[in-house]
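Reader: Please pick one part of this model and look at it closely. I want contacts first, then the surroundings. Keep it brisk.

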Amino acid sequence: MIPVKGYAAEAVKVPLAPFNFERREVGPHDVLIDIQFCGVCHSDLHQIRDEWGGSIFPMVPGHEIVGRISKVGDHVKNFKVGDLAGVGCMVDSCRTCPSCQEGLEQYCETTGMVGTYNSREIESGAPTYGGYSNQIVVDEKYTLKVSDKLDLARVAPLLCAGITTYSPLRQWKVGPGHRVAVMGLGGLGHMAVKLAAAMGAEVTVLSTSPNKEADAKELGAHKFVVTKDEEQLKSVTNYFDFIINTVSAQLDLAAYVNLLRRDGTMILLGVPSEAPHIHAFNLISNRRRIAGSLIGGIAETQEMLDFCAEHNIVSDIELINIADINEAYERMLKGDVKYRFVIDIATL
Ligand code: NAP
Ligand code: ZN
Ligand code: ZN
């Protein structure tokens with residue numbers, strides 16, 4: 001076994017603290033990654049607070065991982081020692097079901113995807129531990145190639161915030177001529193703005209924070225709507241083709257669905273702990289749709305990383321010491337993050 005240092009929540013709703021644990025030995029198809037940076041996703045916070053149920057403790061969160069490969073198994077083909085590498089939200093799946101065969105491993109139909117943390121390895125049943133740690137062992141099939149052209153710390157959030165917003169934009173073929181709204185300018189939201197703008201759409205940010213307007217425009221948004229201002233909200237009624245909903249908290253969905261024009265679609269990405277409410281009238285008028293989307297497959301994640309390298313797209317981050325993680329969560333809850341916290345693992 002490989003001894004590893006990390007930060008864990010020992011139980012629900014207790015602060016994260018230093019935690020020593022072991023990783024499996026590097027198998028024939030595995031790579032060992034010395035982690036350099038790990039992004040802080042709101043999903044980390046939902047899960048340490050057990051807001052989705054079934055959390056496994058102790059929990060080492062972290063699924064926006066970048067670092068350098070320090071060891072490879074005998075049968076590893078695509079990576080060598082010294083390569084930069086990334087790991088996102090999943091580290092395994094059944095590999096044989098139709099979804100896995102199609103490269104949509106996140107929708108694995110038999111075992112389900114194995115999450116990078118708060119999940120269990122398929123064969124051993126051992127809990128998985130994430131990227132708030134100095135090393136991780138991952139099968140090369142679930143490991144991504146990372147360009148050395150971009151600032152590595154700013155690449156980390158692409159592994160979740162980037163792919164989670166890229167995948168639906170591609171699935172719904174968003175491009176020139178589309179009016180896209182991004183609800184919630186946080187980690188996912190700011191990536192959605194950059195990506196949708198790069199794909200040629202007209203982008204509007206729907207935000208509860210008036211002080212984010214200048215940033216939104218700098219990120220590439222064409223319009224900014226303060227959603228607490230009823231007049232502003234009314235001005236975009238029946239307007240959007242797509243609304244990318246990244247809000248992490250419960251809200252009145254109907255008020256936002258009404259912003260969709262005929263045949264418009266709201267894509268739910270945020271996962272508040274409570275179920276959304278919507279009346280059929282909000283959907284039957286204008287033949288509107290509500291859809292959902294879960295991260296992205298491995299091949300699509302690689303495609304997104306390559307797209308970002310080509311378009312020079314990275315996340316806007318605040319680099320933190322791992323000892324400040326609990327404070328970062330408090331700030332994230334208040335929406336006080338521009339626009340992703342990234343842990344400098346060297347501070348571990
Ligand atoms: P985040 O950085 O905290 O951003 C969430 C944003 O939502 C905030 O910055 C804020 O933006 C807005 N917001 C927060 N509370 C609100 C409220 N009460 N009413 C209205 N707006 C509010 O979170 P994130 O990391 O981007 O994650 C967002 C959500 O996506 C989380 O629920 C996370 O679990 C989920 N997620 C889903 C997937 C997936 O595969 N579908 C993947 C990753 C994350 P403004 O200040 O602009 O209003
Ligand atoms: Zn995430
Ligand atoms: Zn499968």
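**Around the ligand**

Author: A backbone N or O atom of Ile-295 sits 2.8 Å from an oxygen atom of ligand 1. This is a predicted model: local features need pLDDT of at least 70, side-chain atom pairs count only at pLDDT 80 or more, and totals for chains, interfaces and linings use all residues. Residues are numbered from 1 along each chain as its sequence is written, chains are lettered from A and ligands numbered from 1 in written order, and side-chain values use heavy atoms, without hydrogens or water.

Two further backbone contacts belong here. A polar backbone atom of Ser-293 is 2.9 Å from a nitrogen atom of ligand 1. Leu-188 brings a backbone N or O atom to 2.8 Å from an oxygen atom of the ligand. In total, 29 residues surround ligand 1 (a heavy atom within 4 Å). The closest are Ser-207, Thr-208, Ser-209, Lys-212 and Arg-340.

A cavity is a set of points on a 1 Å grid over the protein atoms alone where a 1.4 Å probe fits but cannot get out; lining residues have an atom within 4 Å of a point. The volume of the largest cavity is about 60 Å³, counted as the space filled by probe spheres set on the points.

Strand S15 covers 289-292. Strands are DSSP runs of E, at least two residues, numbered from the N terminus. S15 is an edge strand, as is S12 (223-226): each pairs on one side only. Pairing takes at least two DSSP bridges. Strand S14 (residues 260-268) pairs with S15 in the parallel sense over 4 bridges. Ile-267 stands opposite Ala-291 in S15. The open sheet has 6 strands in the order S12-S11-S10-S13-S14-S15, with parallel pairing.

Definitions and conventions
Polar contact = N/O pair within 3.5 Å; in protein donor to acceptor, adjacent residues only side chain to side chain. 1 Å grid on protein atoms, 1.4 Å probe; cavity = no way out; pocket = protein on both sides within 12 Å on 5 of 7 lines; lining within 4 Å.
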